[in-house]
Amino acid sequence: MFLSRCLYKIAEQDLGRHLNLPFIDKLRVYVRGGRGGNGLKKYGGIGGQGGHVLVHGKRNLTLKNVYEKNLAKRYIASDGEHSYKTCLNAQSGENLIIHVPLGIQILRENGELIDEINDIDDECIVAHGGDGGNYKTHFQGQPGEATMINFDLKLLADVGFVGYPNAGKSTLLSMLSRTQPAISPVPFTTLHPQLGTVVFDDGRSFTIADLPGLIEGSHVKMGLGSRFLKHTLRSKILLFIIDINGFQLEYRSPLRSAFDSIVFLTKELELYEPSLLNKSAILAINKIDQLDNNDKKLNELYYSLNNYKQILENEYDNKWCPKNFFHFEHIVEISGKYGTNFKQHDGYLLSELLNVISMYKIDDLDFNDYIEPNLDQQLINDNDFLWKLLSQHHWTVCRYLRLNDIDRAFRHQSKKFSCFMSILNGYLNRMSTTTSTFVDDGHDIDQINPSLNDDEPSWLLPVFNRLAHELRLLALPGNDELNNDDYETSDNMNSNSTIQTYNSQLLNALGAIQRFPSTNKLRKVGIFIIVNQMLKTYYALHKFNLCTYFISKTERSLKQYMQEENTQQEHRFSSYVLTYRYFLGKHLLLQHNYKSAIEHFDYVFTNCLDSKKSGSIKNKQQSLLYLVIVKMLHGSTPKMDILEKYQLNELIDLIEPIRIGALKLFIDKIKQYEQFLFDSGLFFLIENLKLITIRNLFRTYVYQIDQQQTDKIPLETTLLLLLNFGFEKEIFFTINELIDILNSLIQKGMIKGYISYKFRTLVVSRKDPFPKNFRFTSLLNTS
Ligand SMILES: Nc1nc2c(ncn2[C@@H]2O[C@H](COP(=O)(O)OP(=O)(O)OP(=O)(O)O)[C@@H](O)[C@H]2O)c(=O)[nH]1
Ligand SMILES: [Mg+2]
């Protein structure tokens with residue numbers, strides 16, 4: 001026992017010397033307030049108060065500096081003066097100030113939190129000085145408070161790097177910021193966290209933390225990463241940096257593929273703190289330059305990420321499987337060493353930072369020190385100020401979401417949006433002063449200043465998209481992402497004033513965006529973003545006439561962009577186009593312009609291939625749903641296997657009775673799926689589908705039941721057919737109504753033939769009486 005203790009001590013010392021740990025994130029110190037001075041009883045003189053020990057936040061400090069400044073780790077404030085005959089009111093002792101870095105928690109010995117120092121000039125008293133002697137204390141000075149306290153450093157980083165050793169985290173940090181961390185091909189090069197600040201040209205910045213590499217078992221303090229796992233708790237976004245070649249600690253240890261790395265890192269984080277998995281995460285696939293021309297590894301990784309559920313289940317041991325998995329908001333391929341494309345992606349990082357939805361769900365966020373912002377008109381042109389204001393509104397939104405006060409959250413989100421629009425306008429103004437003539441039609445501008453498009457900051461677009469998206473979620477709560485358990489919808493939230501504010505915000509944005517030259521990408525995509533948001537809103541509110549208005553207003557310019565997009569095949573651009581065309585299809589469907597609707601849905605279905613994102617499958621499903629329905633209105637029946645592949649079970653259930661003309665079953669199914677049909681906005685097509693079912697019923701009769709293949713069916717028989725197969729419950733169904741139905745079937749070209757009133761028969765054409773493709777025109781008077 002004794003021996004092992006000794007050995008352990010030696011090993012620890014050795015390790016300490018070997019590593020010469022330059023980083024301290026914990027410091028235990030003794031603090032004592034000064035003693036109060038004695039009073040002078042004879043003259044009623046009062047002793048001086050003992051000095052306090054204060055902790056004060058200061059920039060550019062480390063805990064190590066604090067330690068080095070006072071190796072004894074004892075902080076004692078000076079005593080108060082005694083009272084004298086010449087100086088009855090004695091002087092107080094001087095306070096002792098301990099300067100500490102930002103992001104410090106001050107804890108008592110028992111772990112109780114005294115205070116936190118998060119900002120410059122944050123201050124707190126850790127040991128009070130004793131009172132000076134007075135008549136209450138029989139003129140005896142009192143001793144100061146004495147205690148041990150702990151400083152615990154938690155890095156306050158916006159983005160925290162997570163990765164295995166050697167993945168290239170430090171390299172990336174050095175590329176993104178001015179920090180120069182140690183870089184080498186040896187694992188565990190980084191021994192302590194490094195902070196770096198990414199500064200954009202316009203002064204905005206965020207902090208990133210390079211943490212030492214994690215290895216398996218980090219949560220139980222293996223490797224070095226364990227000591228620093230807690231820092232991940234404090235970063236708002238986790239940036240996974242994964243070596244595309246995988247990771248091998250040494251030649252004897254197993255090689256971990258890139259996907260393995262992600263799984264094991266996730267498991268590590270989950271074991272340490274399950275709530276970490278709720279954070280926003282971005283995946284950076286590093287060392288892309290080392291891939292020789294084939295992208296096999298990359299494709300494998302994407303495949304695994306897309307099918308992670310099955311793969312985790314089938315290929316990983318239970319003990320390695322994390323219970324949850326990160327949903328990576330963005331996946332970027334980078335080469336940290338030879339140029340990163342992160343600069344192009346900074347907008348995505350920024351938009352993640354401004355993401356309230358994922359932010360407010362994190363448990364340990366502290367909203368105490370928020371300030372209710374106030375817009376001062378004088379400062380509106382100050383870019384720096386606007387960014388500060390924007391971030392303050394951001395935190396306020398998060399806070400109100402926490403408190404379930406959606407109304408206020410929306411108001412602040414709306415202000416946040418205004419801030420962004422002011423920034424955008426400021427940007428536009430600067431741009432228009434640099435170009436001498438600012439013409440609304442952009443072609444001229446490009447001739448004057450050909451670099452205008454390159455100048456455009458890459459962060460504008462994703463941030464704009466994010467803000468507009470969340471503004472809608474808050475204007476229309478109860479829709480999708482926002483809808484978590486502890487949130488309840490109430491009616492007054494969709495109140496008219498909210499929708500009006502929302503509208504005017506988006507219209508303002510549209511105005512601002514249209515000030516950009518028409519060749520500018522932000523303008524092109526921005527219009528799509530705004531129109532898409534509007535359409536989503538109006539569809540959700542069932543205000544179809546407003547949709548029509550908007551579509552007709554913007555159709556012309558968007559059409560031009562869509563054609564351009566077809567030739568350029570820009571990836572980012574196309575996702576917005578897909579959304580727009582999806583809504584355009586729905587809009588045309590409402591207008592019974594099925595032919596054009598098919599075109600759009602077809603486009604969306606075939607182009608919605610971006611399998612990197614898990615949400616795309618849902619979009620594909622949706623567009624297929626409409627595609628199938630519209631095509632059915634055109635006379636063709638879909639193949640079942642494709643519906644099964646995309647799990648459109650409701651549709652499969654509905655189509656079968658239509659196909660065989662089982663009217664009764666069809667009506668039953670309609671009742672069963674009423675909610676589904678209503679939600680997907682297909683309810684208004686039911687009458688048309690019913691007509692098709694009836695036609696198919698006749699077709700089945702003529703081709704199969706009636707062996708003689710007659711072309712004359714007595715009306716009584718048709719009536720009987722209908723009554724037998726569906727309308728039995730509806731008592732008032734008469735021969736006149738039957739004639740109406742038959743007439744509309746004939747009129748729409750679904751049956752070739754005529755009604756002979758004289759012989760009271762339905763005469764169908766001998767050649768192709770039930771044409772495969774019929775033109776379903778917009779005559780709606782069916783019943
Ligand atoms: N080819 C290539 N090599 C890279 C890239 N990024 C980093 N490296 C190399 O990978 C090695 C490790 O890089 P570091 O940045 O020290 O890795 P780290 O993740 O900080 O490692 P630890 O500090 O040990 O956790 C170095 O030799 C880098 O030169 C890259 O994009 N491409
Ligand atoms: Mg490193």
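A polar contact here is a pair of N or O atoms within 3.5 Å; within protein, one must be able to donate a hydrogen and the other to accept it, and residues adjacent in sequence count only if both atoms are side-chain atoms.

## Ground rules

This is a predicted model, where local features need pLDDT of at least 70, side-chain atom pairs count only at pLDDT 80 or more, and totals for chains, interfaces and linings use all residues. Residues are numbered from 1 along each chain as its sequence is written, chains are lettered from A and ligands numbered from 1 in written order, and side-chain values use heavy atoms, with hydrogens and water left out.

## Around ligand 1

Let's start with the polar contacts. A backbone N or O atom of Lys169 sits 2.8 Å from an oxygen atom of ligand 1. A polar backbone atom of Ala167 is 3.2 Å from a ligand oxygen, and an N or O atom in the side chain of Asn286 is 3.3 Å from one. On its own, ligand 1 exposes 650 Å², and the protein buries 93% of that (Shrake-Rupley areas, 1.4 Å probe; for residues, only the protein chains shown count as cover).

The shell holds 24 residues, the closest being Ser170, Thr171, Phe188, Thr190 and Asp289 (a residue is in it if one of its heavy atoms lies within 4 Å of the ligand). Helix α3, residues 169–176, gives the most to this shell, with 3 residues (helices are DSSP runs of H or I, at least four residues, and strands are runs of E, at least two, numbered from the N terminus).

β13 pairs with β12 in the parallel sense over 7 bridges (pairing takes at least two DSSP bridges). Strand β12 (residues 237–243) also pairs with β9, again parallel, over 4 bridges. Leu239 of β12 is the bridge partner of Phe161 and stands opposite Ile282 in β13. In β9, Val159 and Phe161 point one way and Gly160 and Val162 the other, all of them buried.

## The whole chain

Zooming out, the chain has 27 helices and 17 strands. Of its 783 residues, 51% count as buried.

Notes:
Buried < 20%, exposed > 50% of the residue type's maximum accessible area, 1.4 Å probe, protein only.
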